Amino acid sequence: MYNSKIAGTGHFVPENVVTNDDLSKIMDTNDEWIQERTGIKERRHVVEGDGNTNSSMAVKASKIAIKKAGLVVDDIEFIVYATISSDLFFPGSSALVQEQLGCKENIAALEVRNACSGFIYALSVADQFIKTGMYKNVLVIGAEVHSTGIDLTTRGRDVSVLFGDGAGAVVLSQTTEERGILSTHLHAEGKHAKELYVEAPSSTKWVPKLLADTDDLSYYPYMNGREVFKHAVTRFPEVIIEGLEANNMTSNDIDLFIPHQANLRISQFVGKRLGLPEEKVFNNIQKYGNTTAATLPIALDEALEEGKIKEGDTVVLAAFGAGFTWASAIIKW
Ligand code: UT7
């Protein structure tokens, strides 16, 4: 029997900091509204010419994760890449990273398009391949570049103030020890697909249609914020408790809860519902905003850097977002 453990973590964010005050110069918003409703103080945006793309940031994060795992690129046998903002419409960034990292010839590269819960879905895929003995070391990435695709005007302020750019990566490695990823639980409810979505470009709305109507807004993200919020605060505790129960645990066993960074209010609400003291809920949305698939690997790397996770700890990851999809992972460090 094999288990899989997180052997190394890394993250990279663009150098360019965009504060709430910066946004208030280009749209009708303000620092008070953003901080009060979301907790966000600033986020990172790529800048044209700075060399930062979805895949290039992922490569930087991956190199750190591989190094911290004590491995070299040649040890990586499979890439699972969570993103909804890959460099190209297709192929996915997983193929680009395989090439840019200089991976061993022809290793498999898989793209996961599950938005906010994408990283846990990707982790779950990697975990299954390791537990069956197929692979020993899998690179799992979450990366997003949102700033180039959001409406940075007053018209799009309800969405655009929330999102940021960044990348995180982990190396998942085979172990025979009784630790690592204890469980993952994944869910989806497609009837809510249009509460948070981008319509185009897509096979129902391809480029000729977009070019024919230059005022078409369907390539900007749409979000019914209140509806998403309502479901998030229900699904987060639900999927965490599902994971804990599957491992005969309760929330008292949690040493650190790392929620997907969508909104500080959601994270605080879920923490309270689980009866967790504030210091057991990790948040860094204040600095980066919502980086969708990248929030969890970035937060995990920072939590480790800050010494918030030690060997033997029970770490819980959970996410909720577009689809709707939601997921949890229970990890024994
Ligand atoms: O990671 C993906 C999953 N996403 C989430 O989990 C997000 C879940 N939803 C949320 O976090 C919250 O719903 C938001 C932070 C998106 C919005 O907060 P809210 O408290 O639900 O605000 P609201 O959308 O109800 O808007 C309240 C008011 C509106 O004005 P009126 O109609 O009351 O006059 C908005 O027009 O705030 C206005 N508003 C803004 N004002 C200043 C909306 N966006 C902004 C803005 N700056 N950026």
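**Aromatic pairs, a buried strand and an open sheet**

The structure holds eight aromatic pairs. Rings of Phe, Tyr and Trp (its six-membered ring) pair if their centres lie within 6.5 Å; planes under 30 degrees apart count as stacked, over 60 as edge-to-face and the rest as tilted.

A word on the source. This is a predicted model, where local features need pLDDT of at least 70, side-chain atom pairs count only at pLDDT 80 or more, and totals for chains, interfaces and linings use all residues. Residues are numbered from 1 along each chain as its sequence is written, and side-chain values use heavy atoms, with hydrogens and water left out.

Take phenylalanine 78 and phenylalanine 129. Their ring centres are 4.9 Å apart and their planes at 70°, so this pair is edge-to-face. Phenylalanine 78 is in strand β4 and phenylalanine 129 in helix α5 (residues 118-131), 51 residues apart. Helices (H or I, at least four residues) and strands (E, at least two) are DSSP runs, numbered from the N terminus. Buried or exposed? Phenylalanine 78 is buried, at 4% relative accessible area. Phenylalanine 129 is partly exposed, at 31%. The cut-offs: buried is under 20%, exposed over 50%, partly exposed in between (1.4 Å probe, protein chains only). Phe78, Phe129 and Tyr135 form one aromatic cluster.

Next, phenylalanine 320 and tryptophan 326. This aromatic pair is tilted, with 6.0 Å centre to centre and 35° between the planes. Both residues are buried.

On to strand β12, residues 314-321. Eight of its eight residues are buried, so β12 is largely enclosed by the rest of the structure. Thr314, Val316, Ala318 and Phe320 point one way; Val315, Leu317, Ala319 and Gly321 point the other.

Which strands pair with β12? Strand β11 (residues 256-259) does, parallel, over four bridges. Strand β13 (residues 325-332) does, antiparallel, over eight bridges. Pairing needs at least two DSSP bridges between two strands. Valine 315 is the bridge partner of leucine 256, and valine 315 also stands opposite isoleucine 331 in β13. β12 and β13 form a hairpin with three residues between them, and glycine 323 in the turn has a positive phi of about 135°.

Last, the open sheet. Five strands, order β1-β7-β6-β4-β5, mixed pairing. β1 (3-12) and β5 (108-112) are at the edges with a single partner strand each, so one side of each has no neighbour in the sheet. Nine bridges join β1 to β7 (residues 166-175), antiparallel. Asparagine 3 has threonine 175 as its bridge partner in β7.
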